[in-house]
Amino acid sequence: MKKKFPIAICAGLICFSTILIYAALIIFPVSGPRAADQLSVEAAPTVVRPIPTAVVKEVKEKEFRQFPGNVRANRRVELKFSVEGRLQDLNAQEGRSVRKGEVLAKLDQRDFRNQRDAAKAKSVQAAHELDRFSRLKTQNVVTLADYEEVKTDADVAKAELDIKEKALEDAVLYAPFNGVVVKRHVERFEHVKAEQEIISLQDISRIEVVIQVPERVIARAGAAGLELLEVRFDADPHAGRWFNAKVREYGLESDNATRTYDVVVALPPPSDLQVFPGMTATVRAQLRQPLRADSGCSAVRVPAASLWSGTGGKSFVWIIAPEGGAPRKKQVRIAALTENDALVCNGPVPGEQVAVAGLRTLYEGQPVRPMRNGKEGLDG
């Protein structure tokens, strides 16, 4: 026989279960879409935006720069014959020092002498004929036209003689200055053509170093803006030794690829160091700074990319703290401006960092920090 629970006990259990369900709903409410969204918003971390920055620099009256360069001789010449012929003598060993006026090379002289002698004979004959016609003209024996024809022939013969004499002279190469033979392009007994390179001669009593100076440096004050020039030779065993130099010349046309100008500095060769053309060197120069702020302004240097204009034509920069935080907008007054830099007054102080990108997207209160070197995006 089955046991039956009393009705009062069942009713009590139902009431107790209902109470437990309501208590669970109160303690653990059912989460809907709105609650999920609220939880996700509250749990999302704050994104700190990395900003490319540059350091504000103090304005210096002078600054120093170094430029790599190559050594070349003070004077350089490629010696050539203006006539062709067989090379008979060649006294030009590479590395040999020569004196001004010394014979370095000579072509076979026989053909040139024969041509000179033939032209000389014709010139003498034409001169005698002209003298005879001059006497006949005074006697009215010959016409003026006959005399002018003979005179023209004499002039042509004399000019031909001058050409042959010069060819004989040009068959010999002389050293135009004291120097060193750096290259011999031919050998003895070769047949050389006119204007063919025979010998490369250089004067190394003074040496030059050619450097390439960026156009933004030249634009400041030209080559005259390079002051207190010093040269260090990479082959010098005495490291850190500098020699005084001066600007000798500079080009006025820039290189299309590098946008640099050639500047040549000259100096006497060191007494205890053999310096030859082609060696590498470093030129150190003090740059004259033409950017000036007015006397009542304590200016600093900032990149031109850090400036942006607000309402009313006012200029501003964003100052970014090194440890991050909200950017600080600072109004500045531009004292001087170039392509890359600007001198500003009433702005940041040297050592502070200013934003150089994304200026229009920044706002006060936005969490930012300086971008790390070599990083991009949010990893910066």
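Predicted model: local features only at pLDDT ≥ 70, side-chain atom pairs only at ≥ 80, totals over all residues.
A word on the source. Residues are numbered from 1 along each chain as its sequence is written, and side-chain values use heavy atoms, with hydrogens and water left out.

Now the whole chain. I call a residue buried under 20% relative accessible area, exposed over 50%, and partly exposed in between, with a 1.4 Å probe and protein chains only. Of the 380 residues, 33% count as buried. The chain exposes about 24100 Å², and carbon and sulfur atoms supply 53% of that. Areas come from the Shrake-Rupley method with a 1.4 Å probe; for residues, only the protein chains shown count as cover.

Contacts next. Contact means heavy atoms within 4.5 Å. Take the contacts between residues at least 6 apart in sequence: 75% of them join residues at least 24 apart.

On to helix 4. It covers residues 144-170, which is 27 residues. The expected span is 1.5 Å times one less than the number of residues. That gives 39 Å, and the end C-alpha atoms are 39 Å apart, so the two agree.

Which residues of helix 4 are buried? They are Tyr147, Val150, Ala154, Ala157, Leu161, Ala167, Leu168 and Asp170. These buried residues pack against helix 3, residues 110-138, and strand 8, residues 172-174.

The rule for a salt bridge: a side-chain nitrogen of Lys or Arg within 4 Å of a carboxyl oxygen of Asp or Glu. Lys164 and Glu160 are 4 residues apart in the helix, so about one helical turn separates them. An α-helix has 3.6 residues a turn, so residues three or four places apart point the same way. Lys164 is partly exposed at 22%. Glu160 is partly exposed too, at 36%.

Strand 8 leads us into a sheet. Two strands pair if DSSP finds at least two bridges between them. Here we have an open sheet of 4 strands, in the order 8-7-5-10, with antiparallel pairing. Strand 8 and strand 10, residues 191-192, are the edges: each pairs on one side only. Inside the sheet, 3 bridges join strand 5, residues 85-90, to strand 7, residues 103-107. Leu90 stands opposite Ala105 in strand 7.

What does Asp89 meet in a salt bridge? Its partner is Arg188, at 3.9 Å from N to O. Asp89 lies in strand 5, and Arg188 in the loop between strand 9, residues 179-184, and strand 10, so the pair ties together parts 99 residues apart in sequence. Asp89 is partly exposed at 32%. Arg188 is partly exposed at 45%.

Another salt bridge links Glu187 and Arg184, at 3.2 Å from N to O. Glu187 has 41% relative accessibility and counts as partly exposed. Arg184 is partly exposed at 26%. There is also a network: salt bridges that share partners join Arg72, Arg76, Glu208, Arg248 and Glu249. The total count is 22 salt bridges.

Two more residues, then I am done.

Is Thr282 buried or exposed? It is buried, at 11% relative accessible area. Thr282 sits in strand 16, residues 280-288. Leaving aside neighbours within four places in sequence, Thr282 is in contact with Gln66, Phe67, Glu230, Val231, Arg232, Asp234 and Trp242.

Last, Arg328, in strand 20, residues 328-337. At 43% relative accessibility, Arg328 is partly exposed. Not counting residues up to four places away in sequence, Arg328 touches Val317, Trp318, Ile319 and Glu352. Arg328 and Val354 are 26 residues apart in sequence, and 9.4 Å apart in space, C-alpha to C-alpha.

Key:
Helix = DSSP H or I, 4+ residues; strand = E, 2+ residues; numbered from the N terminus.
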